[in-house]
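The following exercises are to be worked with the sequence and the model at hand. Each task is followed by a solution in steps.

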Amino acid sequence: MSQFLRSILLGSCVAAFSAASNATPIYLAGASSALASCGTCVVGTHLAAGATGSVAGAGGSGINAAAGSALDGQRTYIYDQAYPGYAAGSVINRTDNGFAMMVWDMGAAMNTMRLYTHQDHYNGGPITDSFQAQDVMEYSVWGSNDNTSFALLSDVSAFNLTGGGAGLPTYTFVGDEPTFVYRGGSAEFGVLNAYTRDYTFSNNYRYYGVRSSLISRNASDADPELDAVVGNPGAIVQVPEPGVLALLGLSFFGMAISRKRVAK
């Protein structure tokens, strides 16, 4: 490949990544990039149950600090059946009545968070019923820098069962939307982590919390289950799927040929 083509393709990939970071959310059919490919990503430490750790909601919990501190295909979860729903930016405190949350310590404040789901009712393929549609998005995301007061960063308030086409639901968010939603899950565990997503927030947070989403509370489900939470000091670059790279290559090959003909 000529240096000209290399430059064009590289520039186009960078532009695509830049556009992706500004157009949210982008739903991808495939899996997220491998965690090992992100040299600056940090797997958060999942805090064990306790007054300054993770706190079960109405219905109990299966808080598992070890499982939630590694991307290992194991789950940690709480029930959160009394989740009331909040406006974007709302702040709740550990001393508040009804406080419940799974909490991760990233070790340092970071503005990007990848939420690795753990699916127990979805095994891949089209989503055609409302229960599955809400169940794969049963998470609200919270941020804190003191592990005491948490601000609502993102919640899921509604969905369109065919918003992305038959079997491909799309979602309405309160607060920030994810930058990417990976319908295919993770490179490591596939659809077990289906609808894993990346968020890049305007502020940095050392602690990220997760509790039920509004759509899951409304469905009387409200038991968010996660595999892991990962932080990064900046957006996580997603490697384009092979088909996208092939199309880009063909497109810019054609542009190069046209340019040479014009030059002659």
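**Exercise 1: A loop serine**

Beyond its neighbours within four places in sequence, Ser54 is in contact with His46, Leu47, Ala48, Ala49, Ile63, Met101, Met102 and Val103, where contact means heavy atoms within 4.5 Å. The model is a predicted one, in which local features need pLDDT of at least 70 and side-chain atom pairs count only at pLDDT 80 or more, while totals for chains, interfaces and linings use all residues. Residues are numbered from 1 along each chain as its sequence is written, and side-chain values use heavy atoms, with hydrogens and water left out.

Task: Locate Ser54 and state whether Ser54 is buried or exposed.

Solution. 
1. Ser54 belongs to the loop between strand S3 (45-46) and strand S4 (61-62). Helices (H or I, at least four residues) and strands (E, at least two) are DSSP runs, numbered from the N terminus.
2. Buried means under 20% relative accessible area, exposed over 50%, and partly exposed in between (1.4 Å probe, protein chains only).
3. Ser54 has 1% relative accessibility and therefore counts as buried.

**Exercise 2: The disulfide**

Task: Identify the cysteines that form the disulfide and determine its handedness.

Solution. 
1. The structure holds 1 disulfide, that is, a pair of cysteine sulfur atoms within 2.5 Å.
2. The partners are Cys38 and Cys41, with sulfur atoms 2.1 Å apart.
3. The torsion about their S-S bond is about 80°, so the disulfide is right-handed.
4. Cys38 and Cys41 are both buried.

**Exercise 3: A buried arginine**

Solution. 
1. Arg211 has a relative accessible area of 1% and is therefore buried.
2. Its side chain makes a polar contact with the side chain of Asp80 (2.8 Å). A polar contact is a pair of N or O atoms within 3.5 Å; within protein, one must be able to donate a hydrogen and the other to accept it, and residues adjacent in sequence count only if both atoms are side-chain atoms.
3. A polar atom of the Arg211 side chain lies 3.3 Å from the backbone oxygen of Ala100.
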